Amino acid sequence: MASTTMHPDQQLALMRQAIEDQLRARALHERQPQGLFAPIDYTLRLGGKRLRPLLCCVAAATFSPEWQRALPAAAALEIFHNFTLLHDDLMDRSPLRRGQETVFRRWGDNTAILSGDAMSIEAYASLAEIEEKALLGVIVPLFSQMALEVCIGQQLDMEFETRSEVRPEEYMEMIRLKTSVLLGASLQIGALIGGAQPAEALRLYEAGVQLGLAFQIQDDLLDVYGDEQTFGKPIGGDIIHAKKTLLLLYTLEQLQGDALSELHSILALSPEERVGKVDRVRQLYDEAGTRTYAEGEVQRLTDKAFSLIDQMELRDEGRSLLLALFHTLSGRTK
């Protein structure tokens, strides 16, 4: 059980280690054929902050000291998340993930597809290992709905690439589906395992969605203004690929005259030609006040997430863990 005297950072570190142990216990590095399982093991070993499984365990801790019961679900969420990244990298032809070569670059397209498929199945296998079997009838449909919504969000993201105009509100709905629902479901599922009533778990889900929206906008900001060494992938990728992020859509709405025409001209170039235009697009963003606007949206959405938490009756220790994790996320730099 969790110690009531442990500092939140220490408790989160303990949870993170328990998650790593749970993932390693699946022994992917030993399973055959290694041509299928080695890329899965590689993907999970690339690390990351283990945000989604941490949210799951912390949500369980907000209702019960026995947060370890959430570990199978936490592992399922992390495996599913990394499956989506593996396939996203393939679709986007991204060479790096967390500073390392992506699976399709290392093993090829076919392996990336098949290993990703196996990861999605492995996620359900882990989910089925939760001790409270009576909860599976509730949790599996929630997990499946989340998984389908993530795919819908990815499809919308791809469709936006070929559309000449996308409204900012359409973009926000896309990232809600592609990114936020997974954070929300992590909290909701963990809360249910911890013994929360459905209405309480749903409120945590809503807080996770707001945090996820802020998280994605912050990610978009980092892609333009971040440091490549800490970000783990090349800066300016969204600009090079003309991704219709909130930053771009807002800038298109704000610019006028020659500046707007110049931005449209840059967007009409090939990705290879846009490589040399990243700095200029960043300047146009600054002229439009885009960075200030996006940072304001991150703060607004984060405040909404915290407000939802403030309205809930939670275990003191669980609340402190949840707030510590939320604060870490709201100020992230990579």
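## Cavities

The model is predicted. Across the whole structure, a search finds three cavities of 30 Å³ or more. The largest cavity holds about 80 Å³ of space.

## Lining of the largest cavity

Helices H2 (34-45) and H4 are the elements that give two or more residues to the lining of the largest cavity. H4 gives the most, with four residues. Tyr42 and Thr43 belong to the lining, as do Leu46, Asn82, Leu85, Leu86 and Asp89. The rest of the lining is made up of Arg97, Arg98, Thr102 and Val103.

By residue class, the lining of the largest cavity divides into five nonpolar, three polar and three charged residues.

## The largest nonpolar core

The largest nonpolar core has 78 residues. Within this core, Met15, Phe80, Phe143, Met146, Leu204 and Phe326 touch the most other members. Helix H4 (residues 71-92) supplies the largest share of the core, eleven residues.

Which residues are in contact with Phe326, leaving aside its neighbours within four places in sequence? Leu55, Leu187, Ala207 and Leu211 are in contact with Phe326, and so are Ala305, Phe306 and Ile309.

Conventions. Residues numbered from 1 in each chain as written. Predicted model: local features only at pLDDT ≥ 70, side-chain atom pairs only at ≥ 80, totals over all residues. Heavy atoms only, no water. Core = buried A, V, L, I, M, F, W, Y, C linked by side-chain atoms within 4.5 Å. Buried < 20%, exposed > 50% of the residue type's maximum accessible area, 1.4 Å probe, protein only. Contact = heavy atoms within 4.5 Å. 1 Å grid on protein atoms, 1.4 Å probe; cavity = no way out; pocket = protein on both sides within 12 Å on 5 of 7 lines; lining within 4 Å. Points joined across faces, edges and corners; volume = space filled by probe spheres on them. Nonpolar A, V, L, I, M, F, W, Y, C, P; charged D, E, K, R; others polar.
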